[in-house]
Amino acid sequence: MAVFWAALAGGLLFALLLLGAEGQGNTRGKNEVSGSATIYLGQKRDIWRPLIHTTVNLSEINSIKSSFQLRTFDPEGTVFYGDTKRGEDWFVLSLKDGMPLMQISKEGMLISVAGRPKLNDGKWHTLEVSNQGKFVILEVDGSSALVVGMQPKYEEVTLSGELRLAVGGVLINTEKLIVQYEPQMDACVREGSWLNLSVPWEAEAEELWPCYQNVQPGSYFPGTGFAIFNTSDFPIEADDGVKFELWGDFIEMDGTIFSIKAPGQQLMFSLVANNNTKEVTLTLGTEKISMKDNFKRLEITFHTDLMQVVQDGDETRTNRLLISPVSQPDYLTSWMQGHLSFGGLLGEGEDPMGSQFLTGCLEKIQVQGRDLDLDLAIKHPSVSSHSCPA
């Protein structure tokens, strides 16, 4: 049984290890963590950089099985990584389209395998990776999910040297990956059990962020930052409109939900919630609409000369504002050259000003009928892209 595969299995366990999140200083200036607690993988860092990593001697490995629990609504991201020979042979477990994806490099061979079940349902799932002869097996909740078989051309020799493990990132050039994917992951791991190793893991962050006890799908804004897109990412033709759809408990929100502004121009649009008055105010140029009745879905459509707002899909609860040269002199320029912010009000230099950051959960955001992924935005690290506290 190849030591390398045992090492790879250890990578999974390593993820477990990463679970434990109480940091303590060490003589190397890094924070050390153990593997029994629960931690959040979406903590801010370079998107491919591991959150936790460790290095062990291959001679210390005497187990070929690793297991941990994973919870996420995020369909894509890195779970854990392991390698030997300083990255010549490596293993990566990630999610793509919500399903587990294993990618392996061994003795010059590159292999990838992906398949069900989908794991981004917000439930805790137990993952186990093991090496059984010529096969690497991923089990999910006690059932076999992915199986990779490899027959080396030459007889394998016992490996010596070091094994590197990492959670939430990789230690190789990402161009080596067979299948490319978005690495950031709004997810939690816990209850790791890995290779019977007891060495500490090093955390790149001074303090690891905890996980919410219960979560629901959505994008969460804790009142400390916002996410910003270029409006040019959503091109439109001159005669077409732009449609936003937002889902959430608007009466529980507080602060700027979203705003639109072009550099050098006045604020084009803002939507602001006031939790004290239970009022949501929409501002377009010099015009305002106030909505005081509770609603859970808001449709906002911009046309060249008209903006329409519909609450809960009910046409009888519709507000309309004319987009006139007085209230909004250059609507198309504002859109094509502007910025779109969720969770903050854009001001001069695109710094938020004049209104507090949003506190609350947007359960779903659509632009032009497509779900918006805040992982693709420039955003404050406190904003969670795929989960809200329940």
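Of the 390 residues in this protein, 52% are buried, where buried means under 20% relative accessible area, exposed means over 50%, and partly exposed lies in between, with a 1.4 Å probe and protein chains only. Before going on, a word on the source: this is a predicted model, local features need pLDDT of at least 70, side-chain atom pairs count only at pLDDT 80 or more, and totals for chains, interfaces and linings use all residues. Residues are numbered from 1 along each chain as its sequence is written, and side-chain values use heavy atoms, with hydrogens and water left out.

The overall picture comes next. The protein has 32 strands and two helices; these are DSSP runs numbered from the N terminus, helices being H or I with at least four residues and strands being E with at least two. Take the contacts, meaning heavy atoms within 4.5 Å, with a separation of 6 or more: 69% of them are between residues 24 or more positions apart. The protein exposes about 17300 Å², and 47% of that is supplied by carbon and sulfur atoms. Those areas come from the Shrake-Rupley method with a 1.4 Å probe; for residues, only the protein chains shown count as cover.

Now the cysteines. The structure holds two disulfides, a disulfide being a pair of cysteine sulfur atoms within 2.5 Å. Counting bonded cysteines along the chain, the pattern is 1-2, 3-4.

Cys188 sits in strand 14 (residues 187-194) and Cys211 in the loop between strand 15 (201-203) and strand 16 (215-217), so the pair ties together parts 23 residues apart in sequence. Cys188 is buried, at 4% relative accessible area.

The other joins Cys361 to Cys388, S to S 2.1 Å. Here the torsion about the S-S bond is about 85°, so this disulfide is right-handed. Cys361 belongs to strand 28 (residues 359-362) and Cys388 to strand 32 (residues 387-389), so the parts tied together are 27 residues apart in sequence. Both Cys361 and Cys388 are buried.

Is Asp89 buried or exposed? Asp89 counts as buried, because its relative accessibility is 3%. Asp89 is in strand 7 (residues 89-96).

What does the side chain of Asp89 contact? It makes a polar contact with the side chain of Lys85 at 3.3 Å. A polar contact is a pair of N or O atoms within 3.5 Å; within protein, one must be able to donate a hydrogen and the other to accept it, and residues adjacent in sequence count only if both atoms are side-chain atoms. A polar atom of the Asp89 side chain also lies 3.0 Å from the backbone nitrogen of Glu107.
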